[in-house]
Amino acid sequence: VRFKYKIPLTREVAIAKPSERSVPISAAYRTYLSLAGQRILVGRGASENDQLTKSARSNDWWLHAVGVSGSHVVVPIDASLREGLPDPLRRAAAILALHHSSIKDDLRGEVCLTRIRHLKKPKGLAPGKWQVQRSETLYIKYTKEEADQILSRRHA
């Protein structure tokens with residue numbers, strides 16, 4: 001298994017020749033860059049959400065649309081983010097959480113924001129499901145143009 005940002009790459013596909021190894025076709029997450037250049041990681045599916053959340057550090061920020069299915073969003077911290085998320089970065093990550101959820105067409109919704117250390121994964125809980133022990137809730141309204149601007153900053 002190959003790693004990027006300490007997170008394993010998944011979704012391997014076998015090549016036609018059995019003598020060759022399988023090659024990863026995509027990472028377990030999408031990477032976006034904020035206007036300030038900060039990485040925002042967005043899970044692709046339930047098991048990939050689990051991988052992303054489990055491999056994040058305890059101080060990293062985690063966001064998810066409230067009450068609906070959707071991707072986990074992780075903002076890895078660096079020295080500039082130790083105290084908290086700046087408002088533009090918080091808003092961009094929340095918009096990504098809403099966009100990659102089942103209510104993306106509403107252009108508004110509630111987003112749960114917490115540190116990874118406030119999440120627990122009890123045994124037997126379904127893939128992608130986590131218990132949030134402490135969080136704050138953000139209500140975000142945005143325009144399609146604002147979402148398109150953030151989505152255009154997807155990092156390869």
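These entries record what I looked up in a predicted model of a protein.

**Entry 1: overall content**

I began with the secondary structure and found 3 helices and 13 strands in the protein. The protein has 156 residues, and I noted that 44% of them are buried. I then turned to the contacts with a separation of 6 or more, of which 58% join residues 24 or more positions apart. For the surface, I recorded that the protein exposes about 8,900 Å².

**Entry 2**

I next traced how the strands are arranged. Seven strands form an open sheet, and I wrote down their order as β12-β9-β7-β8-β6-β5-β13. The pairing in this sheet is antiparallel. Which strands stand at the edges? I found β12 (136-141) and β13 there; each has a single partner strand, so one side of each is left without a neighbour in the sheet.

I looked at strand β5, residues 29-33, in more detail. Of its 5 residues, 4 are buried, so the strand is largely enclosed by the rest of the structure. I counted as buried any residue with under 20% relative accessible area.

On one pairing, β5 is joined to strand β6 (residues 39-43) by 5 bridges, and the two run antiparallel. Within this pair I located Thr31 opposite Leu41 in β6. The hairpin of β5 and β6 has 5 residues between the strands, and in this hairpin Gly37 takes a positive phi near 90 degrees.

On the other pairing, 2 bridges join β5 to strand β13 (residues 154-155), again antiparallel. Here I found Tyr32 opposite Arg154 in β13.

**Entry 2: strands β7 and β8, and helix α1**

I then examined strand β7 (residues 61-65), which 3 bridges join to strand β8 (residues 73-75) in an antiparallel pairing. Trp62 stands opposite Val74 in β8. Where does helix α1 (residues 46-55) lie? I found it across β5, β6, β7 and β8, and it runs at about 140 degrees to β6.

**Entry 3: His118**

Finally, I looked up a single residue. His118 lies in the loop between β9 (108-115) and β10 (119-120).

Terms used
Residues are numbered from 1 along each chain as its sequence is written. This is a predicted model: local features need pLDDT of at least 70, side-chain atom pairs count only at pLDDT 80 or more; totals for chains, interfaces and linings use all residues. Side-chain values use heavy atoms; hydrogens and water are left out. Buried means under 20% relative accessible area, exposed over 50%, partly exposed in between (1.4 Å probe, protein chains only). Contact means heavy atoms within 4.5 Å. Accessible areas come from the Shrake-Rupley method with a 1.4 Å probe; for residues, only the protein chains shown count as cover. Two strands pair if DSSP finds at least two bridges between them. Axes are lines fitted to C-alpha atoms, for helices over the stretch in contact, and angles run from 0 to 180 degrees between N-to-C directions.
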